[in-house]
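Hello,

Here is the structure I promised to pass on to you. Have a look first, and then read on for my notes.

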Amino acid sequence: MAVGARSGHDGPEDRADGARGENVTEENTSGDGTPSSGDEPDRTDGNDGARPKKQRSFWKELPLLIGIALILALLIKTFLVQAFSIPSESMMNTLKKGDRVLVDKLTPWFGSEPERGEVVVFHDPGGWLETAETPKPNAVQKFLSFIGLMPSAEEKDLIKRVIAVGGDTVSCKEGGKVVLNGKELDESAYLYPGSMPCQDSFGPIKVPQDRIWVMGDNRQNSLDSRFHQELPGGGTIANDQVVGRAVVVAWPVTRWATLPVPAVFDQPGLNPVAAAVPAAATTPAAAALGLAGAVPLVLRRRRKRAARHTAE
């Protein structure tokens with residue numbers, strides 16, 4: 001029998017290392033014994049593979065999550081919206097004591113200015129809250145208020161409705177209606193039931209540019225612009241003292257409501273009419289131009305008259 005020839009038995013061939021009956025995977029090899037094609041054999045030992053990264057502990061990530069949340073809350077409170085608590089009854093029934101409102105602080109960054117009929121929060125311009133008693137928040141309330149997670153603990157903020165803006169003229173006679181630029185305002189949609197538009201006469205007052213005149217909806221219980229006319233600004237508020245517009249009552253949920261501009265402030269003819277320039281107020285240059293244009297016309301008419309007389 002030739003050496004290396006297979007016997008007629010179906011059993012496994014004897015190997016030089018003495019192993020019999022082992023299952024092995026056959027590979028196509030080249031003459032030098034190296035694989036000629038195909039993928040490397042699968043590795044069953046996982047020690048040589050990439051080990052999965054161990055997940056960070058939740059307790060290690062918690063401070064990072066809290067820090068991000070605080071930063072976002074501070075940014076929202078500074079640039080977007082801020083919560084304020086209503087401390088008095090001066091805006092009833094639109095706002096009741098204890099209501100929480102959200103104030104839009106974003107649009108003023110884009111040049112938006114207070115408009116008639118809006119409910120706005122503004123800083124005390126000086127002297128408005130000298131006699132008012134305000135609660136002193138504790139350290140936790142101050143911190144939560146600072147980052148915007150609680151209504152503002154700022155003690156020098158007020159909330160009123162804008163009645164007139166720069167360039168407007170506002171007045172009111174005792175027992176009558178508020179008159180804005182010559183138009184009477186029907187304020188029944190937002191005044192507190194039984195409240196008069198004004199119990200004392202005031203005005204007419206011309207509101208300076210870039211300032212506003214504000215009044216509470218509960219007129220008999222509101223120390224607003226009417227009662228601070230002796231202060232600098234004559235009771236008006238500078239636009240840059242306005243924090244923002246109150247847009248929604250957020251709390252309690254039973255009081256949830258938006259705060260739109262009443263329709264009375266959209267009535268036609270409410271904007272002040274620009275006064276016509278009198279003829280006597282023309283400038284010297286304009287008068288000279290007018291005279292230069294009139295001289296040729298006068299001379300032409302005189303020539304026509306002379307020619308008519310000659311023909312007769």
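Some ground rules before the rest. This is a predicted model, in which local features need pLDDT of at least 70 and side-chain atom pairs count only at pLDDT 80 or more, while totals for chains, interfaces and linings use all residues. Residues are numbered from 1 along each chain as its sequence is written, and side-chain values use heavy atoms, with hydrogens and water left out.

Back to that cysteine. A disulfide (a pair of cysteine sulfur atoms within 2.5 Å) joins cysteine 198 to cysteine 172, with 1.9 Å from S to S. Because cysteine 172 lies in strand E5 and cysteine 198 in the loop between E7 and E8, the pair ties together parts that are 26 residues apart in sequence. Strands (E, at least two residues) and helices (H or I, at least four) are DSSP runs, numbered from the N terminus. The S-S torsion is about -80°, so the disulfide is left-handed. Cysteine 172 also counts as buried, at 3% relative accessibility.

Next, the salt bridges (a side-chain nitrogen of Lys or Arg within 4 Å of a carboxyl oxygen of Asp or Glu). The structure holds six of them.

Arginine 219 is buried at 0% relative accessible area, and glutamate 187 is buried at 2%.

Finally, the nonpolar core (buried Ala, Val, Leu, Ile, Met, Phe, Trp, Tyr and Cys residues joined through side-chain atoms within 4.5 Å). The largest one has 18 residues, and those with the most contacts inside it include Ile163, Trp213 and Phe265. Strands E4 (157-165) and E9 (211-215) are among those that each supply at least two residues of this core. A second, separate core of 13 residues includes Ile86, Leu95, Val243 and Val249.

Terms used. Buried means under 20% relative accessible area, exposed over 50%, partly exposed in between (1.4 Å probe, protein chains only).
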